[in-house]
Amino acid sequence: MNIGQLINQIILMFGLMLIGVLINKLKFMHAQTSSDLTNVLLYIVSPCLIINAFEQPYSDSRIKQFLLAILGVVILYVVEIIVAKLVFGRLKNENLRRIAQYGSIYSNAGFMGIPLISSLFGAPGVFFAVVSLAGFNIFSWTQGVSLFKTSENEEKTDWQQVLLNPNIIAIVLGVFLFVFSIKIPSVPNQIIKYVGSVNTPLSMIVIGNSLGNITFSKKMLNKEIGLTIILRNLLFPIIAIFILQFLGVTGIAFYTTVVMAACPVAGLVVLFTLQAQGDAAPAISLMSLSTILSLITIPLVFALGNVL
């Protein structure tokens with residue numbers, strides 16, 4: 001796939017986001033509707049897309065790349081966590097410190113990454129993209145959540161919530177189907193494909209609807225937010241390129257993992273900030289600006305992956 005195809009696909013996805021913004025401005029989608037659609041995407045549509053991605057012939061070379069991608073994603077998260085701690089760990093503003101650390105580490109793997117990979121590479125791409133998605137769910141709901149814990153909301157990690165996440169269950173089921181070459185019966189398989197096919201347009205419309213609630217101003221950008229965007233949108237994805245190349249990850253596995261790493265700030269940064277009773281304004285600014293700038297930064301990172 002060349003850079004032109006990637007740019008065209010990103011433009012199409014942003015076009016879908018603009019439809020979401022229009023829906024918001026016309027007040028066709030209220031907060032409860034957006035919340036309900038988010039749950040449908042997370043708990044039904046995305047798992048169907050994942051299971052469908054594993055419906056392909058078993059291949060030793062494919063499973064080797066899959067395992068190497070797992071190692072690369074784990075190493076990348078460790079590097080990101082360390083760098084984010086070094087860069088933002090001493091910020092006096094506790095709320096901004098949490099937002100900057102989480103925002104720089106965690107990308108919008110589910111709502112932005114999976115739809116983009118699905119559109120670019122189809123099921124073979126989603127097969128490898130689930131590695132990044134699993135990494136996001138495991139690290140975000142353990143290390144990520146811990147960043148926002150206070151004396152008032154201090155709790156132990158809920159491993160049941162992490163491991164019983166529908167996407168994690170779908171990945172485990174998908175790997176089982178792939179390794180043992182099990183075929184899903186025709187009718188259920190077709191239903192799964194139909195449901196999974198709405199993931200890209202519905203995800204982009206929901207994201208656009210959220211962006212439609214934001215009023216942009218110069219106050220949205222400060223040096224901490226700017227540095228976080230540089231790390232999330234550019235530096236960490238470039239580090240991912242070197243890690244994956246060093247490990248020998250190639251082909252669709254390489255490009256899929258790089259694009260997933262280049263996705264903008266995860267929307268959970270807003271939810272976690274609200275749960276910690278912090279000021280969500282910097283988190284909303286970070287998420288929205290990172291998402292808009294990803295129109296430029298994702299193709300740039302992809303081009304660097306081709307060159308390097």
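These numbered points describe the fold, surface and charge pairs of a predicted model.

1. Basis. The model is predicted: local features need pLDDT of at least 70, side-chain atom pairs count only at pLDDT 80 or more, and totals for chains, interfaces and linings use all residues. Residues are numbered from 1 along each chain as its sequence is written, and side-chain values use heavy atoms, with hydrogens and water left out.

2. Secondary structure. The chain has 13 helices and zero strands, where helices (H or I, at least four residues) and strands (E, at least two) are DSSP runs numbered from the N terminus. The order of elements from the N terminus is therefore α-α-α-α-α-α-α-α-α-α-α-α-α.

3. Overall dimensions. With a radius of gyration of 19 Å, close to the 19 Å that the globule rule gives for 308 residues, the chain is as compact as a globular protein of that length. That radius is taken over C-alpha atoms, and the rule is 2.2 Å times the number of residues to the power 0.38. The C-alpha trace spans about 55 × 45 × 45 Å along its principal axes.

4. Of the 308 residues, 53% are buried (under 20% relative accessible area; exposed is over 50%, partly exposed in between; 1.4 Å probe, protein chains only). Among contacts (heavy atoms within 4.5 Å) with a separation of 6 or more, 87% join residues 24 or more positions apart.

5. Surface and charge. The chain exposes about 14,300 Å², and carbon and sulfur atoms supply 67% of this area (Shrake-Rupley method, 1.4 Å probe). There are 17 positive and 11 negative side chains, the centres of the two sets lying 8 Å apart. Lys and Arg count as positive and Asp and Glu as negative, without His and the chain ends; each charge is placed at NZ of Lys, CZ of Arg, CG of Asp or CD of Glu.

6. The whole structure holds two salt bridges (a side-chain nitrogen of Lys or Arg within 4 Å of a carboxyl oxygen of Asp or Glu). In one, the closest N and O atoms of Arg-232 and Glu-80 are 3.2 Å apart. Arg-232 lies in helix α10 (residues 223-247) and Glu-80 in helix α3 (residues 60-88), so the pair ties together parts 152 residues apart in sequence. Arg-232 is buried at 1% relative accessibility, and Glu-80 is buried at 2%.

7. Salt bridge within a helix. Glu-94 pairs with Arg-98, with the closest N and O atoms 2.9 Å apart. Both lie in helix α4 (residues 94-105), four residues apart, about one turn of the helix. Glu-94 is partly exposed, with a relative accessible area of 42%, whereas Arg-98 is buried at 7% relative accessibility.
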